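Please open the model in your viewer and keep the selection tool at hand. The stops below are to be taken in order.

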Amino acid sequence: MQKTTSAYGIISQVLQSEADEASIAWINRLYFRRFTLIRAFVAFACLASIIASFMNVATWLPFAILALGLAGLVLLQVLRRSFAKQLVGFRDEKCDPALFCSRYLAYLQHTKSTADPMQELFEYGMGLYWLGKWDDAIALMAAVSGDLQKPKNVYLYHHLVGRCAWAQRDVETLANSISALEALPPQPIAKNQKAHLAELCALARLLEFEQAEAFEDAKRIIAELLEQPFVTKPQRVLLAIHTAYCSTDRTEATKWLEYAAQFGGTTWCAAEAKKLLAKTS
């Protein structure tokens with residue numbers, strides 16, 4: 001895989017996924033048109049500043065025009081970051097990884113950055129994780145597994161692969177990912193890095209207790225995870241499913257499954273909860 005390959009190119013090549021027309025239209029309407037307009041303004045301001053510097057105008061005028069262009073560059077960065085946050089919100093706040101994946105893919109098609117694609121692949125892969133498409137998420141990471149020289153790339157790779165391994169109850173791969181994360185340099189390389197490692201270790205213990213049918217210990221781990229300040233809505237739904245798994249009381253289990261089914265959106269957790277509720281009805 002070429003280092004210059006865009007995240008969209010890798011996703012298209014590995015998963016044969018393409019952006020759909022509805023998502024492309026949405027991206028055009030809410031983001032790309034504004035981005036193009038501001039970028040044109042920046043180019044115009046820079047050109048006008050150069051021209052003004054050769055004309056008989058007040059000395060301050062070229063600098064004022066250039067300042068407007070620089071302000072436009074800042075606005076571009078703000079627009080890009082705020083829009084990326086809005087997209088991630090579909091996944092992490094609205095429990096709609098299906099909508100996130102379709103719109104994020106359209107966004108990637110527009111940007112097609114040739115910079116390091118790992119962060120973008122990780123974000124899309126987390127959408128796949130919440131859809132229950134764990135093999136697809138792992139396949140994306142495998143496509144860039146030969147480019148893990150940067151500590152942050154190692155972190156993103158094993159963060160996602162470890163979560164997928166946990167979901168698939170692959171104890172060996174999960175343990176390998178935890179070991180790789182623990183071996184990273186002590187200085188922070190990502191937001192909530194230590195907290196996410198602690199969470200993955202807790203999930204590993206949860207899996208161990210579930211397999212040993214030590215359900216009270218498992219529920220204690222779940223309670224500790226729910227107290228974490230960074231827990232997202234899909235994570236709460238996921239932990240509700242596992243609380244149901246560990247509940248020996250049918251009424252309690254049904255209550256947690258109903259919660260997951262109601263608030264799980266398009267996550268695999270909601271589909272799993274509905275399937276289990278259908279079996280018990």
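Predicted model: local features only at pLDDT ≥ 70, side-chain atom pairs only at ≥ 80, totals over all residues.

Residues are numbered from 1 along each chain as its sequence is written, and side-chain values use heavy atoms, with hydrogens and water left out.

Select Phe100 and Tyr104 first. Their rings form a stacked pair, 5.0 Å centre to centre with 20° between the planes. Rings of Phe, Tyr and Trp (its six-membered ring) pair if their centres lie within 6.5 Å; planes under 30 degrees apart count as stacked, over 60 as edge-to-face and the rest as tilted. Because Phe100 and Tyr104 are four residues apart in helix α4 (residues 97-111), about one helical turn separates them. Phe100 is buried, at 0% relative accessible area (buried means under 20%, exposed over 50%, partly exposed in between; 1.4 Å probe, protein chains only).

Tyr104 and Tyr107 form a tilted pair, at 5.9 Å and 35°.

Now extend the selection to Trp26, Phe83 and Phe90: ring pairs link these with Phe100, Tyr104 and Tyr107 into a cluster.

Which residue lies over the face of Phe100? Select Arg91, which is 4.9 Å from the ring centre. A charge sits over a ring if NZ of Lys or CZ of Arg is within 6 Å of the ring centre and within 35 degrees of the ring normal.

Finally, select Met55, in the loop between α2 (21-53) and α3 (60-92). Met55 counts as partly exposed because its relative accessibility is 49%.

Methods: Helix = DSSP H or I, 4+ residues; strand = E, 2+ residues; numbered from the N terminus.
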